[in-house]
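The following exercises are to be worked through with the sequence and the structure at hand. Each task is followed by its solution in steps.

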Amino acid sequence: MGLQAYLTLAAIVFCIGLFGVMTRRNTIGILLGIELMLNSVNINLVAFGRYSGDVTGMVFTVFTICITVAEAAVGLAIVILLFRVRRTVTADHLDLLRG
Amino acid sequence: MTADAVAFWCLAVVLVGSALAVVLTKNLFHAVLWLALALTGTAGVFLLLDAEFIAAVQLLLYAGGIVTIVVFAIVVTERLVGERISQTSRRIAGGAVVAGGVLALILNAVRGQVFPAARPEMVGDLTRTVGETVMTRFVLAFELLAVLMLAALMGAIYFARPDD
């Protein structure tokens with residue numbers, strides 16, 4: 001398989017994640033979409049690294065996976081805090097900052 | 001078709017199908033399980049790209065770790081059985097148009113380029129090379145990452161601490 005096939009697959013998964021982020025009402029559902037998007041970026045990094053014969057892409061993937069885990073931990077902590085304060089995790093109801 | 005191509009197409013179908021299920025299922029808990037399948041499929045793609053170490057990290061951290069904490073978050077914020085866990089989507093048509101447009105843009109950019117069709121041979125153990133590169137060329141980024149992880153964990157504990 002050529003590099004193009006991997007890039008196309010990653011682009012499709014990225015756009016599915018983007019669709020989820022834009023359409024989900026539940027905050028946790030939005031986070032799941034973000035996970036999909038970050039995941040597809042990792043496919044791109046590894047594929048580019050492998051096809052250029054360089055391990056830098058894989059090293060960057062290790063870094064991005066760690067950062068994604070940190071993002072998920074902080075994001076879900078915020079969701080739990082929001083639920084404790086507002087008793088809801090629906091994004092439409094979280095409009096405290098609306099003037 | 002070679003065995004590589006067959007494996008790639010199987011993984012691509014699993015990955016795209018489970019990703020669609022993540023954003024379309026009504027039940028949030030089922031969406032998390034579909035996400036676990038999508039992340040496992042990605043680990044398979046990494047295996048196809050000769051990145052065994054990344055595939056292992058993917059399974060341990062993503063499919064193991066993230067799915068577990070998402071399930072915890074659902075248990076805390078929703079009831080696992082009953083109506084509360086079902087979720088709806090809004091503006092599906094608009095979201096599909098934007099996502100399709102972005103996809104068309106990316107695919108257009110990918111098609112216009114000439115990419116190497118064959119992989120260069122990697123000399124030596126790839127996992128060993130990755131480890132040595134992390135510890136030599138990217139050691140500063142590695143240390144910064146450790147600080148970031150510590151800060152993120154302390155922030156998460158601070159946010160989710162019980163009121164006293």
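**Exercise 1: The nonpolar core**

Determine which residues have the most contacts inside the largest nonpolar core.

Solution. The largest nonpolar core has 66 residues, and V13(A), I28(A), V46(A), V22(B), V32(B) and L35(B) have the most contacts inside it. A nonpolar core is here a set of buried Ala, Val, Leu, Ile, Met, Phe, Trp, Tyr and Cys residues joined through C-beta atoms within 7 Å. At least two residues of this core come from each of α1 (3-23), α2 (27-51) and α3 (56-86) of chain A, and likewise from each of α1, α2, α3 and α6 of chain B; helices are DSSP runs (H or I, at least four residues) numbered from the N terminus. The most, 14 residues, is given by α1(A). Domain 1 (1-98) and domain 2 (123-164) of chain B each provide at least three residues of this core, the domain bounds coming from an automatic or database domain assignment.

The model is predicted: local features need pLDDT of at least 70, side-chain atom pairs count only at pLDDT 80 or more, and totals for chains, interfaces and linings use all residues. Residues are numbered from 1 along each chain as its sequence is written, and chains are lettered from A and ligands numbered from 1 in the order in which they are written.

**Exercise 2: V67(B)**

Decide whether V67(B) is buried or exposed, and locate its contacts.

Solution. First, V67(B) is placed in helix α3 (residues 52-77) of chain B. Next, V67(B) counts as buried because it has 20 C-beta neighbours inside 10 Å; the cut-offs are 20 or more other C-beta atoms within 10 Å for buried, 12 or fewer for exposed, and partly exposed in between, with C-beta atoms placed from the backbone. Finally, not counting residues up to four places away in sequence, V67(B) touches V32(B), L35(B) and A36(B), a contact being two C-beta atoms within 7 Å.

**Exercise 3: The contact between the chains**

State how many residues each chain gives to the contact, and name the helix with the largest share on the side of chain B.

Solution. Chain B gives 72 residues and chain A gives 58 residues. On the side of chain B that touches chain A, α3(B) has the largest share, with 13 residues.

**Exercise 4: Helix α3(A)**

Compare the span of α3(A) with the expected value.

Solution. The helix α3(A) has 31 residues and reaches 44 Å from its first C-alpha to its last, close to the 45 Å expected at 1.5 Å a residue. The expected span is 1.5 Å times one less than the number of residues. Just after α3(A), R87(A) takes a positive phi of about 60 degrees.
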